[in-house]
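Dear colleague,

I am handing over the structure below, and after it you will find what turned up when I went through it. Please read the notes with the structure open beside you.

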Amino acid sequence: MRYIGKKANKNINKNKSNTGQKERKLNLMKAMKRKLWIRCLIGAPIGLAISTMDAIFISLLVGDGNFYAVVPKLITDCGTEINAVLLQAVCSLLYGAVWAGSFLIWEIEHWSLLRQTMTHLLICSAATFPIAYFMYWMEHSVTGVVTYFSIFFGIYFAVWLWQYLAMKRRITQMNHVVQERNREN
């Protein structure tokens, strides 16, 4: 065997190490993609179910014995009620898939809570605002858009604050356990 020197051996070992890291990252990405698809496939029918339950609830609130599957303006835009219902069903499937798939963001542990929240907010609002707008789930005016995003951001702030306080409480509990163990030693 030929001697290639310490520096060359280090480079070979470094390349082997980099290859191993690349393989781990690739496997991690494959696993994340698989999880994403599974969550989207589970979330899609949940989105459809929620949309259907909303229609039932609204129909019960109206209370005239009719079922209001979609907003009347959507029927006008689609030409027939069945076209409107089909379009809303497809959009509800997409809505559910986006929300379920985007929950994978919360599993990226090396991201801060703020980054996770903002990324999730951007993905969900970018995907769901057009659906809410075109399905007439919101008023088509500046006030409607402002109200939609105010509610959206308000909910996100509440979720972020809840997550932050829960994380802070867990850190405090862990610190307490560490302090107790240090006192025992």
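A pocket here is an open set of points, on a 1 Å grid over the protein atoms alone, with protein on both sides within 12 Å along at least five of seven lines, and its lining residues have an atom within 4 Å of a point; a volume is the space filled by probe spheres set on the points, which are joined across faces, edges and corners. This is a predicted model, in which local features need pLDDT of at least 70 and side-chain atom pairs count only at pLDDT 80 or more, while totals for chains, interfaces and linings use all residues. Residues are numbered from 1 along each chain as its sequence is written, and side-chain values use heavy atoms, with hydrogens and water left out.

The largest pocket holds about 880 Å³ of space. Of the 33 residues lining this pocket, Ile50, Asp54, Tyr95, Trp137 and Tyr148 are the closest to its centre. The elements that contribute two or more residues to the lining are α1 (6–62), α3, α4 (113–134) and α5 (142–184), the helices being DSSP runs (H or I, at least four residues) numbered from the N terminus. The most comes from α1, with nine residues. By class, the lining has 23 nonpolar, nine polar and one charged residues, where Ala, Val, Leu, Ile, Met, Phe, Trp, Tyr, Cys and Pro count as nonpolar, Asp, Glu, Lys and Arg as charged, and the others, Gly among them, as polar.

The second largest pocket has about 290 Å³ of space, and its lining includes Lys25, Met29, Glu107 and Trp111. Its lining divides into six nonpolar, one polar and four charged residues.

Turning to aromatic side chains, rings of Phe, Tyr and Trp (its six-membered ring) pair if their centres lie within 6.5 Å, and planes under 30 degrees apart count as stacked, over 60 as edge-to-face and the rest as tilted. By this rule there are 13 aromatic pairs. In one of them, the rings of Trp160 and Tyr164 have centres 5.3 Å apart and planes at 10 degrees, so the pair is stacked. Both residues lie in helix α5, four residues apart, about one turn of the helix. Trp160 is partly exposed, with a relative accessible area of 23% (buried means under 20%, exposed over 50%, partly exposed in between, with a 1.4 Å probe and protein chains only), and Tyr164 is also partly exposed, at 37%. One aromatic cluster includes Trp99, Phe129, Tyr148 and Tyr156.

With best wishes

Conventions
On a 1 Å grid over the protein atoms alone, a cavity is a set of points where a 1.4 Å probe fits but cannot get out, and a pocket is an open set with protein on both sides within 12 Å along at least five of seven lines; lining residues have an atom within 4 Å of a point.
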